[in-house]
Amino acid sequence: MNDDVTFGFVCVQNAGRSQMSAAFAERERRERGLGDRVEIVTGGTHPADEVHPEVVEAMREVDVDLSDRVPREVSTAELDACDVVATMGCSTLALADGVEGRDWALDDPHGQEIERVREIRDEIEGRVVALFDEFFDEA
């Protein structure tokens, strides 16, 4: 599968897991030279006011700055345009035919100790890398 692809990363607040997922996806897109082939959508069904501070801190440790990101609401039209939508274990989204939904069932990092947030971050990173490998492994 080497066509253009749109990945969606969605949770309720768009303030933790989906923000980390989108940031890692942006990094993969950049590092793999897929800028013109991968679109990344992120949002929440009930967005929070800000990205969770513990998430910003954990991502800063891996040289990803989320401090200027603002959670946003995701529209049905945006989701319907995705090829794959990864939800974070907190969503009851109804996706259009042809959109592959994957529930990553990740713990919410909000309010967790930084060690736990790091574990969630690292799991997300692995899942995003695997998603890109699945769609763009040219080997």
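**Asn14 is buried, with a relative accessible area of 0%.** Buried means under 20% relative accessible area, exposed over 50% and partly exposed in between, computed with a 1.4 Å probe on protein chains only. The structure is a predicted model, in which local features need pLDDT of at least 70 and side-chain atom pairs count only at pLDDT 80 or more, whereas totals for chains, interfaces and linings use all residues. Residues are numbered from 1 along each chain as its sequence is written, and side-chain values use heavy atoms, with hydrogens and water left out. Asn14 is found in the loop between strand S1 and helix H1, where helices (H or I, at least four residues) and strands (E, at least two) are DSSP runs numbered from the N terminus. The phi angle of Asn14 is near 55 degrees, a positive value in a residue other than glycine.

**Pro71 lies in the loop between helix H2 (53–60) and helix H3 (76–80).** With a relative accessible area of 8%, Pro71 is buried. Leaving aside residues up to four places away in sequence, Pro71 touches Gln13, Asn14, Ala15, Gln19, Pro47, Ala48, Asp49, Glu50 and Val51, contact meaning heavy atoms within 4.5 Å. Between Pro71 and Ile124 there are 18 Å in space, C-alpha to C-alpha, and the two are 53 residues apart in sequence.

**An open sheet of 4 strands is arranged in the order S2-S1-S3-S4, with parallel pairing.** The edges are taken by strand S2 (38–44) and strand S4 (100–103), each of which has a single partner strand, so one side of each is left without a neighbour in the sheet. Neighbouring strands of this sheet are turned by 20 degrees against each other on average, direction ignored. Two strands pair if DSSP finds at least two bridges between them; strand S3 (residues 84–87) and S4 pair in the parallel sense over 4 bridges, and the bridge partner of Ala86 in S4 is Arg102.

**Helix H1 (residues 17–31) lies across strand S1 (5–11) and S2, and helix H4 (residues 114–136) across S1, S2, S3 and S4.** H1 runs at about 170 degrees to S2, while H4 runs at about 155 degrees to S1. Axes are lines fitted to C-alpha atoms, for helices over the stretch in contact, and angles run from 0 to 180 degrees between N-to-C directions.

**H1 and H4 pack at an angle of about 45 degrees, with their axes 9 Å apart.** That angle makes H1 oblique to H4, given that angles under 35 degrees count as roughly parallel, over 145 as roughly antiparallel, 65 to 115 as roughly perpendicular and the rest as oblique. The contact is made by residues including Met20, Phe24 and Arg27 of H1 and Ile120, Ile124 and Phe132 of H4. The residues of this contact of H1 with H4 divide into 8 nonpolar, 1 polar and 6 charged; Ala, Val, Leu, Ile, Met, Phe, Trp, Tyr, Cys and Pro count as nonpolar, Asp, Glu, Lys and Arg as charged, and the others, Gly among them, as polar.

**The axes of H2 and H4 come within 9 Å and cross at roughly 65 degrees.** Glu54, Val55, Glu57, Ala58 and Met59 of H2 make the contact with Ile114, Val117 and Arg121 of H4. By class, the contact of H2 with H4 has 5 nonpolar, no polar and 3 charged residues.

**Ala105 is found in the loop between S4 and H4.** At 57% relative accessibility, Ala105 counts as exposed. The phi angle of Ala105 is near 45 degrees, a positive value in a residue other than glycine.
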